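Keep the viewer open as you read.

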Amino acid sequence: MIVLKSKAEIDIMRVPGKVTAKILLDLRGIIEPGITTREIDAYVEGEILRHKMIPAFKGYNGFPASTCVSVNQEVVHGIPSERKVAEGDIVSIDVGCIYKGYFSDAARTYPAGKIPDVAQRLITATEASFFEGLKFCKVGYRLSDISAAIQARAEADGFSVVRDFVGHGIGSAMHEEPQIANYGAPGRGPRLAAGMVFAIEPMINQGSYDIRVLKDDWTAVTIDGQLSAHYENTVAITDGEPEILTL
Ligand code: MG
């Protein structure tokens, strides 16, 4: 069942959404060659706590940190460590907050120093695929119209769409129904209604879409070792244009 949120609930969800957006924006200036992924996590966690919110990821199914930090061929769920970010890396950050029992969830991929052209094209294409999907986040469309739009855009740019992880409904739990694939035929699934809130999160690969999970049971990496990027926002469906709560 897809839980519809009232206007009052969406008012609450805007608050952790804005904090998440600000943290992600500030990280743009913080992620540089030499910083460790643990230092990135410490910054994020400090900011969440300073805003009197709860890091949504810490302890979620046992995840050991407040931030997923996934570098280069890592797709999602990278665990912060003493690893130093190097010049030319791309760094995907996924973060969420809990405020008054409601969740935010968003992700960006950042360049560290000067990155290869293909890496920049991948980052740009991943973000563009989200915004293509966003065009279908309106009453009158069906859920898989979002999925199909994301896939079409990413593939038109020459990249592939990860199958093994998907977007999701979000509200008083981080993962609610429905699952929102970033691929598939249009015109299927439930019709969108005002009050639905989704975390839409294309994960786009440079090469094959296949992934595997490392022995740490968390870190997902591309099977071919090529790059992966991630872009996510929490989005409220309204009677008009969709509202991005984490931008
Ligand atoms: Mg998510």
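Contact here means heavy atoms within 4.5 Å. With that cut-off, and not counting residues up to four places away in sequence, Glu 232 touches Asp 94, Asp 105, Ala 106, Ala 107, Arg 108, His 168, Ala 199, Ile 200, Glu 201 and Thr 246. Before going on, bear in mind that this is a predicted model: local features need pLDDT of at least 70, side-chain atom pairs count only at pLDDT 80 or more, and totals for chains, interfaces and linings use all residues. Residues are numbered from 1 along each chain as its sequence is written, and side-chain values use heavy atoms, with hydrogens and water left out.

**The metal site**

Where does Glu 232 sit? You'll find Glu 232 in the loop between β15 (228-230) and β16 (233-236); helices (H or I, at least four residues) and strands (E, at least two) are DSSP runs, numbered from the N terminus. Glu 232 is buried and has no salt bridge. Buried means under 20% relative accessible area, exposed over 50%, and partly exposed in between (1.4 Å probe, protein chains only). A salt bridge needs a side-chain nitrogen of Lys or Arg within 4 Å of a carboxyl oxygen of Asp or Glu. The nearest side chain of opposite charge to Glu 232 is Arg 108, 7.4 Å away; Lys and Arg count as positive and Asp and Glu as negative, while His and the chain ends are not counted.

What Glu 232 does have is a magnesium ion: the protein donors are Asp 105 (OD), His 168 (NE2), Glu 201 (OE) and Glu 232 (OE), lying 2.2 to 2.3 Å from the ion. Donors are N, O and S atoms within 2.8 Å of the metal (3.2 Å for Na, K and Ca), and since water is not among the atoms, sites may look incomplete. Along the sequence, the donor residues are spaced D-x62-H-x32-E-x30-E. Asp 105, in the loop between β6 (102-103) and β7 (106-111), and Glu 201, in the loop between β11 (197-200) and β12 (203-205), link distant parts of the chain, 96 residues apart. Asp 105 counts as buried at 2% relative accessibility, and so does Glu 201 at 7%.

**Charge pairs**

How many salt bridges are there? The count comes to 11, including these:

| Pair | Closest N to O distance |
|---|---|
| Arg 14 and Glu 243 | 2.7 Å |
| Glu 82 and Arg 38 | 2.3 Å |

Arg 14 is partly exposed at 26% relative accessible area, as is Glu 243 at 24%. Salt bridges that share partners also join Asp 11, Arg 14 and Glu 243 into one network.

Three strands form an open antiparallel sheet in the order β8-β12-β15, where pairing takes at least two DSSP bridges between two strands. β8 (160-161) and β15 stand at the edges with a single partner strand each, so one side of each is left without a neighbour in the sheet. β8 and β12 pair over 2 bridges, and Ser 160 has Asn 205 in β12 as its bridge partner.
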